[in-house]
Amino acid sequence: MKSYKSALILLISIVAFTCASCFPEGGSLIEPDYRIVNLWSVSHAYCDHVEVDSTTFDTDDIYYQGFMPSTLYYIYADHVMNIHCYYHGQIRQSTFSTWVIDKSEKTLALDFTLLGRHYAFTADLRKLTKREMIIEFNDEGHQWRLVMNAQTSY
């Protein structure tokens, strides 16, 4: 009977731990700092609830390059990242790029320079799994929502 009680307590502890470690709209037992380490591609971008494409924005405008679909975010474990975009027939890379997750606030702070423009914002993590990340943030008066897909399966 005593082993039955011990097994029941262990099972309840595991279930409680699993529920407490999840992020909104998806998650796992893997810490967010490790879940985010990957190569992410912006698959959909929304500005003020309108999907960004060549008809809604001038996709050659330097201001928007960090948020354009197909922009790649290489996020590394040591809080460093690289952002690559396609601009006027050339692949361009960011300089000075960092990221930090605040697990208690469920936010992601990004700070990078791309094509001479400095981006620094804190985004709400709406979803973070090993395959998909959705972030929302305000930047210069615009509400942005980026849907990113993992390009590798670490």
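Student: Leaving aside neighbours within four places in sequence, which residues is Leu146 in contact with?

Tutor: Keep in mind that this is a predicted model. Leu146 is found in strand 10. Once its neighbours within four places in sequence are set aside, Leu146 is in contact with Val42, His44, Ala45, Phe67, Tyr73, Met133, Ile134, Ile135 and Phe137.

Student: Is Leu146 buried or exposed?

Tutor: Buried means a relative accessible area under 20%. Leu146 has a value of 0%, so Leu146 is buried.

Student: How many residues apart in sequence are Leu146 and Cys47?

Tutor: In space, the C-alpha atoms of Leu146 and Cys47 are 8.9 Å apart. Along the sequence, the gap between Leu146 and Cys47 is 99 residues.

Student: Which residues touch the most other members of the largest nonpolar core?

Tutor: In soluble globular proteins, nonpolar side chains tend to be buried together. Here the largest nonpolar core has 36 residues. Those that touch the most other members are Ile36, Tyr73, Met133, Ile135 and Leu146.

Student: And which strand gives the most to this core?

Tutor: Several strands each supply at least two residues of this core, including strand 1 (38-47), strand 4 (81-87), strand 6 (95-102) and strand 7 (107-114). The one that gives the most, with five residues, is strand 8.

Student: What does Ile36 touch, not counting residues up to four places away in sequence?

Tutor: Ile36 is one of the residues that touch the most other members of the core. With residues up to four places away in sequence left out, Ile36 touches Ile75, Trp99, Ile101, Leu108, Leu128 and Met133.

Student: Let's move on to the rings. How many aromatic pairs does a search of the whole structure find?

Tutor: One of the pairs is Phe67 with Tyr119, whose ring centres are 5.2 Å apart with 75° between the planes, an edge-to-face pair. A search of the whole structure gives a count of seven.

Student: Which residue forms a salt bridge with Arg117?

Tutor: Side chains of opposite charge can pair when their charged atoms come close. Arg117 lies over the face of Tyr119, 4.1 Å from the ring centre. For the salt bridge, the closest N and O atoms are 3.3 Å apart, and the partner of Arg117 is Glu140.

Student: Where does Glu140 lie?

Tutor: Arg117 is buried at 13%, whereas Glu140 is exposed at 60%. The pair links distant parts of the chain, 23 residues apart: Arg117 is in strand 8, and Glu140 is in the loop between strand 9 and strand 10 (142-150).

Student: Which residues are linked in a network of salt bridges?

Tutor: Asp124 bridges to Arg126, with the closest N and O atoms 3.4 Å apart. Glu136 bridges to Arg145, where that distance is 2.2 Å. The network is made of Asp124, Arg126, Glu136 and Arg145.

Student: Last one: over which residues does pLDDT stay under 50?

Tutor: The protein chain averages a pLDDT of 82, and 74% of the residues score at least 70. The stretch where pLDDT stays under 50 is residues 18-28.

Key:
Residues numbered from 1 in each chain as written. Predicted model: local features only at pLDDT ≥ 70, side-chain atom pairs only at ≥ 80, totals over all residues. Heavy atoms only, no water. Phe/Tyr/Trp six-rings, centres within 6.5 Å; stacked < 30°, edge-to-face > 60°. Lys NZ or Arg CZ within 6 Å of the ring centre and 35° of its normal. Salt bridge = Lys/Arg side-chain N within 4 Å of Asp/Glu carboxyl O. Helix = DSSP H or I, 4+ residues; strand = E, 2+ residues; numbered from the N terminus. Buried < 20%, exposed > 50% of the residue type's maximum accessible area, 1.4 Å probe, protein only. Core = buried A, V, L, I, M, F, W, Y, C linked by side-chain atoms within 4.5 Å. Contact = heavy atoms within 4.5 Å. pLDDT = per-residue confidence, 0-100.
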